[in-house]
Amino acid sequence: MAQSVPPGDIGTQPGTKIVFNAPYDDKHTYHIKITNSGGRRIGWAIKTTNMKRLGVDPPCGVLDPKENVLMAVSCDAFDPAAEDTNNDRITIEWTNTPDGAAKTFRREWFQGDGMVRRKNLPIEYNP
């Protein structure tokens with residue numbers, strides 16, 4: 001039954017974008033808080049447009065209602081003059097977990113006919 005109900009909202013801090021500041025000759029890490037604002041348990045997963053430069057830990061998980069998780073987004077050293085950074089972003093996807101499912105993330109939750117919601121956080125690089 002959980003699959004027929006749209007997933008509730010999530011909250012992120014920061015809410016609209018992630019900013020990394022120069023210099024980019026060392027690894028930077030930025031922490032994002034994800035909060036399940038809805039009334040049902042959700043499974044969530046992170047996608048990124050640039051796997052070489054951007055890392056996410058943890059990359060997925062399960063959140064009960066009102067629960068939150070702190071996630072680290074890391075940016076490896078790179079040369080901003082030599083690389084295109086215009087389309088870098090991370091996308092948080094989330095869906096309701098099936099009724100009675102264990103609190104263990106399962107990729108197949110995102111592949112059925114349940115509704116998956118997405119939130120994009122663009123990444124900005126300050127020179």
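A residue is called buried under 20% relative accessible area, exposed over 50%, and partly exposed in between, with a 1.4 Å probe and protein chains only. Cysteine 75 counts as buried because its relative accessibility is 0%. Cysteine 60 is partly exposed, since its relative accessible area is 26%. The model is predicted, so local features need pLDDT of at least 70 and side-chain atom pairs count only at pLDDT 80 or more, while totals for chains, interfaces and linings use all residues. Residues are numbered from 1 along each chain as its sequence is written, and side-chain values use heavy atoms, with hydrogens and water left out.

The protein chain has 0 helices and 9 strands. Here helices (H or I, at least four residues) and strands (E, at least two) are DSSP runs, numbered from the N terminus. The C-alpha atoms fill a box of roughly 50 × 25 × 20 Å along the principal axes. Of the 127 residues in the chain, 38% are buried. Contact means heavy atoms within 4.5 Å. Among contacts with a separation of 6 or more, 74% join residues 24 or more positions apart.

An unreviewed UniProt entry carries the annotation "domain: MSP" for residues 9–126. UniProt positions follow the numbering used here, feature names are shortened, and annotations may be inferred rather than shown by experiment. The span is 49% strand and 0% helix, and its end C-alpha atoms lie 30 Å apart.

Four strands form an open sheet. Their order is E1-E3-E7-E5, and the pairing is antiparallel. Two strands pair if DSSP finds at least two bridges between them. Strand E1 (10–13) and E5 stand at the edges with a single partner strand each, so one side of each has no neighbour in the sheet. The twist from one strand to the next averages 25°. Axes are lines fitted to C-alpha atoms, for helices over the stretch in contact, and angles run from 0 to 180 degrees between N-to-C directions. E5 and E7 pair over 4 bridges in the antiparallel sense. Leucine 54 has cysteine 75 in E7 as its bridge partner.

E8 also has paired strands. E4 and E8 run antiparallel and are joined by 7 bridges. Lysine 47 stands opposite threonine 91 in E8. E8 and E9 are likewise antiparallel, joined by 6 bridges. Isoleucine 92 has lysine 119 in E9 as its bridge partner. E8 is largely enclosed by the rest of the structure, because 7 of its 8 residues are buried.

A nonpolar core is a set of buried Ala, Val, Leu, Ile, Met, Phe, Trp, Tyr and Cys residues joined through side-chain atoms within 4.5 Å. The largest such core has 23 residues, and Phe20, Ile34, Met71 and Ile90 have the most contacts inside it. Elements giving two or more residues to this core include strand E2 (18–21), strand E4 (42–48) and strand E8 (89–96). E7 gives the most, with 4 residues. Leaving aside neighbours within four places in sequence, phenylalanine 20 is in contact with residues including Tyr30, Leu54, Val73, Cys75 and Ile123. A second, separate core of 5 residues includes Ala45, Val62, Phe110 and Val116.

Asparagine 36 lies in strand E3 (residues 28–36). Asparagine 36 counts as buried because its relative accessibility is 1%. Beyond neighbours within four places in sequence, its contacts include Asp9, Arg41, Leu63 and Glu67.
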